[in-house]
Amino acid sequence: MVSNAEFTGHTDPRLQALPTVKIVGRQDYTEDLFKLWLEPSVPFTFKPGQYITIGSKDIERPYSIASSPHEEYIELFIEYVHPEHGGKLTPLLYAQNVGDILSMRPRAKGIFLLDENYSDHVLVGTVTGIVPYVSYIRQFLNDKRTGHRFFVMEGASHFDEFVYDQEFEELQSNHDFIEFVSTVSRPNDPRNKNWHGSVGRVNNLVPDNVDRWGLSKQNTMIYLCGNPGMIEDVKDKMGSVGWNYCEERFWKEEDD
Ligand SMILES: Cc1cc2nc3c(=O)[nH]c(=O)nc-3n(C[C@H](O)[C@H](O)[C@H](O)COP(=O)(O)OP(=O)(O)OC[C@H]3O[C@@H](n4cnc5c(N)ncnc54)[C@H](O)[C@@H]3O)c2cc1C
């Protein structure tokens, strides 16, 4: 058995036996949001919407993958949860940089995939909850596919937390089958003084936008990812009146 202990800090022999990823890129966006690009030590396959489990010092956590399978590196978008708020792995990840090594589970997991039974996809995410949608759309474009429409709705407290907004805005300009809406929930916060776009919680904007886009229940799947409060509210507003939805929770409501 090859041990990764020297690099990952794992003491548990089962974790020491796992393959590894090397951090090959890092970019910070706010004081608690950053991206990592990872190079696996073994071949790693996944479907857009799945997650990878990485670890260090005997702690492992799942992360949805933002890159799509055709890309060279695995791209993650991570929110640092301060130790005071219970963060365990993210403080370790936050301290890491290019060249550092983490363990990885060899198989991607997750069933939050694009549902091909529907042609219209309403993709609602808060902050890091946008990640699976980035992967869906990058793969769809790389495969030069047609016949589906994507309506991306992203919410955050502050506009500097959007991070993928430029990518989505460009996609919206270049493709008539991609729409992008971003909205801040704290418009009066001084941090948002340069924000001139939509305001309000993204969950509150779903019904009006679905109406404005002329979507039908029959052809549409609503995807919900990120903040559990957002997920519950959209389920109440849309699921209860017959819209199809699926969800991916990154953490539990009681932890909020
Ligand atoms: C399927 C899946 C995919 C995920 N994908 C991502 C991803 O792409 N990016 C990402 O940053 N995280 C993602 N997460 C969450 C991630 O696994 C960790 O829970 C998170 O990074 C915090 O890790 P931690 O060890 O520092 O704290 P933990 O021990 O995991 O959690 C500490 C506390 O913080 C809460 N918490 C965790 N994440 C957040 C958050 N973002 N905001 C507020 N409270 C939080 C927890 O519920 C808990 O109360 C995903 C989780 C799941 C289940």
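The model is predicted, so local features need pLDDT of at least 70 and side-chain atom pairs count only at pLDDT 80 or more, while totals for chains, interfaces and linings use all residues. Residues are numbered from 1 along each chain as its sequence is written, and side-chain values use heavy atoms, with hydrogens and water left out.

Q: How many aromatic pairs does the count come to?
A: Rings of Phe, Tyr and Trp (its six-membered ring) pair if their centres lie within 6.5 Å, and planes under 30 degrees apart count as stacked, over 60 as edge-to-face and the rest as tilted. By this rule, the number of aromatic pairs is 15.

Q: Is Tyr 223 buried or exposed?
A: Buried means under 20% relative accessible area, exposed over 50%, and partly exposed in between (1.4 Å probe, protein chains only). The relative accessible area of Tyr 223 is 0%, so this residue is buried.

Q: Over which ring does the charged end of Lys 35 sit?
A: A charge sits over a ring if NZ of Lys or CZ of Arg is within 6 Å of the ring centre and within 35 degrees of the ring normal. For Lys 35, the charged end is 4.1 Å from the centre of the ring it sits over, that of Tyr 164.

Q: How many disulfides does the structure hold?
A: A disulfide is a pair of cysteine sulfur atoms within 2.5 Å. The sulfur of Cys 225 has its closest cysteine sulfur in Cys 246, at 9.5 Å, which is too far for a bond. The number of disulfides in the structure is zero.

Q: Where is Asn 192 found?
A: Asn 192 is buried, with a relative accessible area of 2%. Leaving aside neighbours within four places in sequence, Asn 192 is in contact (heavy atoms within 4.5 Å) with residues including His 158 and Phe 159. Its place is the loop between strand S9 (178-184) and strand S10 (198-199).

Q: Is Asn 188 buried or exposed?
A: Asn 188 is found in the loop between S9 and S10. With a relative accessible area of 76%, Asn 188 is exposed.

How values were computed. Helix = DSSP H or I, 4+ residues; strand = E, 2+ residues; numbered from the N terminus.
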